Amino acid sequence: MSATGRGASARSASADREIVIARVIDAPRELVFEAFTEVRHLSRWWGPEGFTTTTQSFEFRVGGEWEFVMHGPDGTDYTEFITWTEIAPPERIALLHGESRDDPNAFESLLTFDADGSATRIEMRTVFPTKELRDEAVEKYHAIEGGRQTLGNLAAYVTEIAQKGEEG
């Protein structure tokens with residue numbers, strides 16, 4: 001079996017546990033990638049519309065962790081925890097995301113950043129441990145719409161920075 005065949009069957013095996021969201025952002029790939037690497041950026045755009053984020057700790061390196069609270073527009077606080085599992089600047093970031101360090105329901109996400117002329121195509125592929133957890137994320141937490149809004153917030157943020165020429 002070819003490598004392509006194995007990749008296709010691996011994707012098929014997890015398709016019912018995945019959410020894939022992509023967007024083209026009118027900003028350079030390095031800047032879009034940087035928006036994920038520094039807490040000063042993340043706190044400005046992370047989360048769906050109406051949410052704010054308070055970081056408790058942040059260390060962007062493989063094995064590093066980001067502990068934060070997302071504050072919903074209805075006043076609900078969501079404790080979140082991310083461990084970075086792979087970092088390949090400016091192409092790829094892999095992470096494990098849950099409510100705490102030992103969350104058995106944590107999900108894996110792979111973010112890829114592809115240059116598209118002067119723009120960037122970002123893809124966020126999230127794989128949940130079970131189909132039921134994926135379905136709950138979609139139905140109860142509106143994960144697909146929330147993911148689209150989050151990438152929309154990212155796009156607005158980095159596009160504004162790129163237009164101002166404030167990449168550093």
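## Close-up views of a predicted model

**View 1. The surroundings of L154.** Apart from neighbours within four places in sequence, L154 makes contact with I25, V32, A35, F36, W45 and I122. The model shown here and in the other views is predicted.

**View 2. The largest nonpolar core.** This core has 33 residues, and those that touch the most other members are F36, W46, I122, L154 and V158. Helix 5, residues 143-164, supplies the largest share of the core, with six residues. In soluble globular proteins, nonpolar side chains tend to be buried together.

**View 3. E123 in its strand.** E123 lies in strand 7, which covers residues 119-127. Is E123 buried or exposed? E123 counts as buried because its relative accessibility is 16%, and the cut-off for buried is under 20%. The side chains of E123 and R125 are joined by a polar contact of 3.4 Å. When residues up to four places away in sequence are not counted, E123 touches V20, I21, A22, L110, L111 and T112.

**View 4. Strand 5 beside strand 6.** Strand 5 (residues 92-98) and strand 6 (residues 107-116) run antiparallel and are joined by six bridges. Opposite R92 stands T112 of strand 6. T112 is also one of the residues that E123 touches.

View 5. How many bridges join strand 6 to strand 7? There are nine, and the two strands run antiparallel. D114 has R121 in strand 7 as its bridge partner. Two residues lie between the strands of this hairpin, in which G117 takes a positive phi near 65 degrees.

Conventions. Residues numbered from 1 in each chain as written. Predicted model: local features only at pLDDT ≥ 70, side-chain atom pairs only at ≥ 80, totals over all residues. Heavy atoms only, no water. Core = buried A, V, L, I, M, F, W, Y, C linked by side-chain atoms within 4.5 Å. Buried < 20%, exposed > 50% of the residue type's maximum accessible area, 1.4 Å probe, protein only. Helix = DSSP H or I, 4+ residues; strand = E, 2+ residues; numbered from the N terminus. Contact = heavy atoms within 4.5 Å. Polar contact = N/O pair within 3.5 Å; in protein donor to acceptor, adjacent residues only side chain to side chain. Pairing = 2+ DSSP bridges.
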